[in-house]
Amino acid sequence: MTNAIEAEGLVKVYPARRGSTEVRALDGVDLQVPQGTVLGLLGPNGAGKTTTVRILTTLLRPDAGRATVAGYDVVTQSNEVRASIGLSGQYAAVDENLTGWENLYMFGRLYGMPKADAKMRANELLEQFTLADAGGRTIKTYSGGMRRRLDLAAALIGKPNLLFLDEPTTGLDPRSRLGMWDVIRGLVREGTTLLLTTQYLEEADELADTIAVVDTGKIIAQGTADELKAQVGGERIEVVVRDRAMLPAARELLGSAAAGEVEFDEHTRRLTAASTGGAQQLVAIVQAMGDAGIEIDDITLRRPTLDDVFLTLTGHHTADETVEENV
Amino acid sequence: MSVQQSGAVSDAMVITWRNLKRIPRIPELAIFAILQSIMFVLLFAFVFGGAIPLPGGGDYKEFLMPGIFAQTIAFASATTAIGMTDDMGKGLIDRFRSLPMSRSAVLSGRTVADTIYQAGILVVLMLAGLVVGWRVHNGLAEFLLAVALLLGFAHVMAWLGIWIGLSVPNTETAQQLTFVTIFPLTFISNVFVPPASLPAILQPIAEWNPVSTLTAATRELFGNPNPYVGDGIPGQYPILVTLAWMVVFLVIFAPLAIRKYRNTSR
Ligand SMILES: Nc1ncnc2c1ncn2[C@@H]1O[C@H](COP(=O)(O)OP(=O)(O)OP(=O)(O)O)[C@@H](O)[C@H]1O
Ligand SMILES: [Mg+2]
């Protein structure tokens, strides 16, 4: 299998500006994405996901390292790269004052399609993305989810075999997110090679064959979702105790019932540990806590989040503590 | 590279189409551009006009209108600059740059569209001029040449606008910057008052100012009063000097704009 995307030692330094020092956004990124597979680039805010995507899609020049996309060098053969890819950036980039149809028609024409083909393709894509009814309205009147879909449609104008999606579901409500996942899965089924960035482990898990975890400009782990989860330790049990004084007791109890380290936060009275026995174990822990006289405000079984991955891989939390699993 | 060349014209036409489509969707922009100019017409024709006697006794409104046209056209750079920063901020420029299209088309398409837009505004202003008493006294050929000069100047100002638009961080700055550069240019000129009434150090500026030469050129071509003809080259050959200004602006700002565009976030 040949690699659709290959990057070696990518470095990008944003020069210092007034009021800020220089930022080493990428610090030696290596990536290989075999033809027909999906790579999920997983990382918190500011990790360097967008910078990576912008370099691979020829919008930004790397300061060091090299990359080929569809076999073409992103710096010296940028025209060829652009003819081979579709890009949907982090923020929907469509013309607010044109209608959905006009946007797609325009991008089709700019892709080099004759008028008739561009018209047909615009209709086809509106249909495919269930935007046919809204196709005659200006984008200003679209919801965030509709904009996102139209932006993705625009990326597909030239039927690219190679697609870059930068946080395609950030800001979408749970239903729109599931809809977007379906669309993306459909594309992948047809053989599209995909590089997608996300802040959600669950999303990478759902869509990607391989996940690369990126932090402060470096790939800190890479593997299949299962490999990564094995490292992180599957589901988590999270307990919030009523009385702060009970924290040490609860910690001890949880430590003996669950696997590995128990992490706890004095302030929120929250304890977290890797689960080994699913719901059954949860019930047992509730029981045991009750027996020990530890009052519980909340207890849940949840999938590991990006934050858990980070804690396991780096020993520190993501810089952004508010990352939440919201599906 | 050859693919890029052959598509440049058709890509530019698509971009022009896109920019023209937007105009009726944001009518406020055109309406305020026109209102601003009409406000100047009313202010100077009816409020200050009586206090400014023209040597030789021409009609002040006929004297004023070509200056208003030139002033409006000079402000065309603001429209372009704001549009360009807006496209940058909304990520559209990135999208264009990710397509296998001609890169110059994004700029040339916009300058063409903005020139057509200014032509529309010019038509409205000419009609307004006719209402307040402005008249054309020369033949069709002179009239068309005057219009061509105005639109040529609009096109050149659009290139200046692109360069400004790509050089500033946001639309507010684009607006402010064009405002503070273009406004003095239109006032240190022959548009509203006799240049001789300006302080001595400003007089050469008023004389060579492209807004002045464009105004003088169109006054002559429309057959409107042009009482302040200096002895210098700009006074004697306003049409040629205006053309020269257009070439100079184009040669400076078009390459600057294109280079800026190529280097944008690369
Ligand atoms: N144009 C720029 N100028 C200066 N610094 C920048 C610029 N773009 C990004 N950075 C910095 O580079 C780093 C990486 O940014 P990048 O946008 O690639 O992160 P990201 O992983 O996409 O984050 P997010 O999840 O917030 O989109 C950040 O520290 C950011 O502040
Ligand atoms: Mg990003």
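This is a predicted model: local features need pLDDT of at least 70, side-chain atom pairs count only at pLDDT 80 or more; totals for chains, interfaces and linings use all residues.
Residues are numbered from 1 along each chain as its sequence is written, chains are lettered from A and ligands numbered from 1 in the order in which they are written, and side-chain values use heavy atoms, with hydrogens and water left out.

Around ligand 1 there are 15 residues, of which Gly46(A), Lys49(A), Thr50(A), Thr51(A) and Gln90(A) come nearest; a residue is counted here if one of its heavy atoms lies within 4 Å of the ligand. By class, this shell comprises five nonpolar, seven polar and three charged residues, where Ala, Val, Leu, Ile, Met, Phe, Trp, Tyr, Cys and Pro are nonpolar, Asp, Glu, Lys and Arg are charged, and the others, Gly among them, are polar. Oxygen atoms of ligand 1 are approached to 2.5 Å by a polar side-chain atom of Thr51(A), to 2.8 Å by a polar side-chain atom of Lys49(A) and to 3.2 Å by a backbone N or O atom of Ala47(A). Taken alone, ligand 1 exposes 630 Å², and the protein buries 68% of that (Shrake-Rupley method, 1.4 Å probe). The most is given by H1(A), with three residues.

Lys49(A) also forms a salt bridge with Glu167(A), at 3.6 Å from N to O; the term denotes a side-chain nitrogen of Lys or Arg within 4 Å of a carboxyl oxygen of Asp or Glu. The two residues are 118 residues apart, with Glu167(A) in the loop between strand E7 (162-166) and helix H6 (174-189) and Lys49(A) in helix H1 of chain A. Over all chains, the structure holds 26 salt bridges.

At the interface, 25 residues of chain B are in contact with 31 residues of chain A (heavy atoms within 4.5 Å). The buried area is about 2,700 Å², with carbon and sulfur atoms giving 54%; this is the accessible area (1.4 Å probe) lost on putting the two parts together, summed over both. Six salt bridges are found across the interface, including that of Asp94(B) with Arg54(A), whose closest N and O atoms are 2.6 Å apart. On the side of chain B that touches chain A, helix H1 (2-22) and helix H5 (92-98) of chain B each supply at least two residues, and H1(B) gives the most, with eight.

Key:
A polar contact is a pair of N or O atoms within 3.5 Å; within protein, one must be able to donate a hydrogen and the other to accept it, and residues adjacent in sequence count only if both atoms are side-chain atoms. Helices (H or I, at least four residues) and strands (E, at least two) are DSSP runs, numbered from the N terminus.
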